[in-house]
2 protein chains.
Amino acid sequence: MALKSTDLNPHVVALAGGVGGAKLAHGLARILPSGHLTVIVNTGDDFAHRGLHISPDLDTVMYTLGEIANPKTGWGLDGDTFQNFEMMEHYGVAPWFRLGDRDLATHFVRTEGLKNGQTLTQVTQQLSKALGIQQSILPATDDSCATVLDTQEYGRLEFQEYFVKFRWQPTVVGISYKGEGEARVTDAALESIAHADLVVICPSNPLLSVEPILRLRGMREAIQARRVPCVALSPLIDGKAVKGPAAKLMGELNLDASVIGIATYYAGLIDGLVIDTADGDAVAELRKVAPALSLYVTQTLMETIEDRERLAGEILKWDIGGD
Amino acid sequence: MALKSTDLNPHVVALAGGVGGAKLAHGLARILPSGHLTVIVNTGDDFAHRGLHISPDLDTVMYTLGEIANPKTGWGLDGDTFQNFEMMEHYGVAPWFRLGDRDLATHFVRTEGLKNGQTLTQVTQQLSKALGIQQSILPATDDSCATVLDTQEYGRLEFQEYFVKFRWQPTVVGISYKGEGEARVTDAALESIAHADLVVICPSNPLLSVEPILRLRGMREAIQARRVPCVALSPLIDGKAVKGPAAKLMGELNLDASVIGIATYYAGLIDGLVIDTADGDAVAELRKVAPALSLYVTQTLMETIEDRERLAGEILKWDIGGD
């Protein structure tokens with residue numbers, strides 16, 4: 001099961017959501033040879049806004065791998081302007097989803113491509129190519145499978161309402177995936193997993209970023225059928241999310257908002273778990289809860305590009321199952 | 001029939017296309033009391049682009065009356081940026097229709113309004129209000145009636161292909177109006193004509209800007225049923241258009257590209273014609289060709305805002321039929 005530490009040029013498949021996942025994917029992209037990384041990206045957040053098909057996580061991964069992402073927010077384009085948004089406000093239309101002028105072009109091209117019969121996979125490939133991205137970015141599905149949240153305060157919310165409009169403050173009592181049972185993982189994604197030497201579940205929100213990928217028809221089976229290691233990185237450090245609602249949400253849904261909860265959540269799916277040094281104390285309990293799980297303790301916070309590369313490098317050098 | 005020169009606060013209805021029409025409408029707007037001007041605008045150029053409903057002439061009139069138009073081009077917004085367009089080019093999508101970032105907001109609001117069941121009249125009212133426009137801007141129709149051109153070189157072209165993509169260089173062998181016979185002038189436009197003290201056909205392209213208005217069901221009858229003067233301003237000066245294809249097009253369709261041709265074109269519809277001093281020589285022949293037509297000779301070129309006001313003022317003071 002172990003990824004040979006001598007295999008310096010593995011083919012890696014990473015499952016990613018937004019900012020956190022994109023950062024690790026970027027680290028992997030920078031140290032792997034061209035064409036050796038495939039990022040399978042969550043599309044559960046996709047939505048229509050002003051007639052445009054917006055894929056927030058795909059954009060974040062594309063912009064990050066293209067090294068044109070806004071370094072402050074992690075999403076959107078570096079140096080983008082907001083003339084269009086300001087004029088919308090002038091018209092008294094105050095859209096809670098603030099789109100940059102250059103960012104809008106991505107949505108235009110995607111929407112037009114889909115309207116012309118291209119798949120989301122094809123459009124993403126076209127956009128990635130134009131952005132000079134050497135690695136393969138794949139939407140997890142070409143079908144629609146939208147994450148919706150049942151909240152205490154507002155009832156059922158679309159993902160972007162919950163996440164952007166209400167800034168993930170409502171209390172979530174349930175999550176569902178509209179399209180589940182129908183939506184299929186793409187053939188391209190399945191193929192990348194079949195040819196992978198390593199599968200990495202990025203430090204993305206398990207419920208909102210990874211689960212929408214795992215719920216797709218064919219996905220869980222494909223990962224389970226692998227003959228190579230699958231490792232996850234905990235998105236929680238000392239029980240807290242780096243950003244976003246991962247910890248809050250796990251608590252609301254009676255999951256343990258800690259590395260123990262993460263290990264439990266991915267039980268049966270992963271061979272290794274990377275946790276932060278801040279969670280070193282949890283190793284003993286993790287060994288009890290998940291005796292077969294390989295553990296790797298390191299600094300997981302990615303503040304700089306060097307952090308991303310270093311973390312990615314440690315994962316690739318890790319002799320999973322050898323501990 | 002004469003508009004009393006003592007009536008200093010007439011209600012004026014202007015029929016307008018794009019830049020030239022907008023300039024005169026602006027002059028009228030600046031000297032008439034608030035609410036005394038209604039501009040009925042050509043929508044034959046309207047088209048869909050990137051999923052957006054674009055109304056070029058409505059926008060030009062709105063931006064001009066709102067005093068936010070680009071003073072160099074006459075259309076688009078002053079100081080607008082083109083970040084979105086540049087990014088589209090970066091994606092290898094080279095749209096021949098160059099939309100500004102702020103301008104895009106107008107199309108978003110209009111498209112969304114129409115999608116939500118608003119009429120074009122209602123959306124235009126909403127946009128005008130937000131831009132602080134005191135005068136009434138009305139699309140000639142809420143229906144679709146698109147100007148299409150049969151050309152020698154490329155066969156049938158949509159208006160914007162002909163006008164923007166091919167920069168009106170193809171030779172036109174015929175014009176038709178898709179929707180003619182079905183599309184109706186709006187009730188609001190009819191009402192404004194019924195209450196007008198003066199109807200002005202702006203110096204717009206007769207075939208491409210005015211004819212699409214006149215062809216609407218109910219329009220010609222409404223103007224013919226008026227009990228007030230209707231005057232036109234020649235868009236041609238010394239046989240040439242100030243800008244655009246008016247003269248070229250009239251020639252291609254075997255019409256006389258001169259003030260004589262304009263008088264002939266509007267025969268039976270207008271009581272007065274304003275021509276430029278450069279066409280003073282044509283007065284004698286005009287009197288022969290159209291003996292009942294009042295003529296007014298003045299400087300019609302509107303280079304400054306003062307020109308617009310002066311020309312508008314002369315029209316309002318003109319004792320039509322008194323010559």
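Reader: Hi! Which residues are buried in α1(B)?

Author: Hello! In α1(B), the buried ones are V19(B), G20(B), G21(B), A22(B), K23(B), L24(B), A25(B), H26(B), G27(B), L28(B) and A29(B). Buried here means that 20 or more other C-beta atoms lie within 10 Å of the residue's own; with 12 or fewer it is exposed, in between it is partly exposed, and C-beta atoms are placed from the backbone. Please keep in mind that this is a predicted model, where local features need pLDDT of at least 70, side-chain atom pairs count only at pLDDT 80 or more, and totals for chains, interfaces and linings use all residues. Residues are numbered from 1 along each chain as its sequence is written, while chains are lettered from A and ligands numbered from 1 in the order in which they are written.

Reader: Good to know. How many residues does helix α1 of chain B have, and what span does it reach?

Author: Helix α1 of chain B covers residues 19-31, so to speak 13 residues, and reaches 19 Å from its first C-alpha to its last, close to the 18 Å expected at 1.5 Å a residue. The expected span is 1.5 Å times one less than the number of residues. Helices (H or I, at least four residues) and strands (E, at least two) are DSSP runs, numbered from the N terminus.

Reader: And what covers the buried residues of α1(B)?

Author: The cover includes β1 (12-16), β2 (37-41), α2 (56-65), α8 (206-214), β10 (230-233) and α13 (305-317) of chain B. Since 11 of the 13 residues of α1(B) are buried, the helix is largely enclosed by the rest of the structure. α1(B) also lies across β1, β2 and β10 of chain B, running at about 165 degrees to β1(B). Such angles run from 0 to 180 degrees between N-to-C directions, with axes as lines fitted to C-alpha atoms, for helices over the stretch in contact.

Reader: Which residues is A25(B) in contact with?

Author: Leaving aside neighbours within four places in sequence, A25(B) is in contact with A14(B), A16(B), V39(B), V61(B), T64(B), L65(B) and C202(B). Contact means C-beta atoms, placed from the backbone, within 7 Å. A25(B) also belongs to the largest nonpolar core, which has 188 residues; A14(A), A25(A), A14(B) and A25(B) touch the most other members. A nonpolar core is a set of buried Ala, Val, Leu, Ile, Met, Phe, Trp, Tyr and Cys residues joined through C-beta atoms within 7 Å.

Reader: Is α2(B) mostly covered or exposed?

Author: Mostly covered: 10 of the 10 residues of α2(B) are buried, including P56(B), D57(B) and Y63(B). Just after α2(B), E67(B) takes a positive phi of about 55 degrees.

Reader: Switching to chain A: what is the strand order in the open sheet?

Author: Seven strands of chain A run in the order β5-β2-β1-β9-β10-β13-β14, with parallel pairing. Pairing requires at least two bridges found by DSSP between two strands. At the edges stand β5 (136-139) and β14 (294-298) of chain A, each with a single partner strand, so one side of each has no neighbour in the sheet. Neighbouring strands are turned by 20 degrees against each other on average, direction ignored.

Reader: How many bridges pair β2 and β5(A)?

Author: Four bridges, in the parallel sense, between strand β2 (residues 37-41) of chain A and β5(A). T38(A) stands opposite S136(A) in β5(A). On the other pairing, five bridges join β1(A) to β2(A), which run parallel, and L15(A) has I40(A) as its bridge partner in β2(A).

Reader: Which way do the residues of β2(A) point?

Author: L37(A), V39(A) and V41(A) point one way, T38(A) and I40(A) the other way, and all are buried. With five of the five residues buried, β2(A) is largely enclosed by the rest of the structure.

Technical notes. Contact = placed C-beta atoms within 7 Å.
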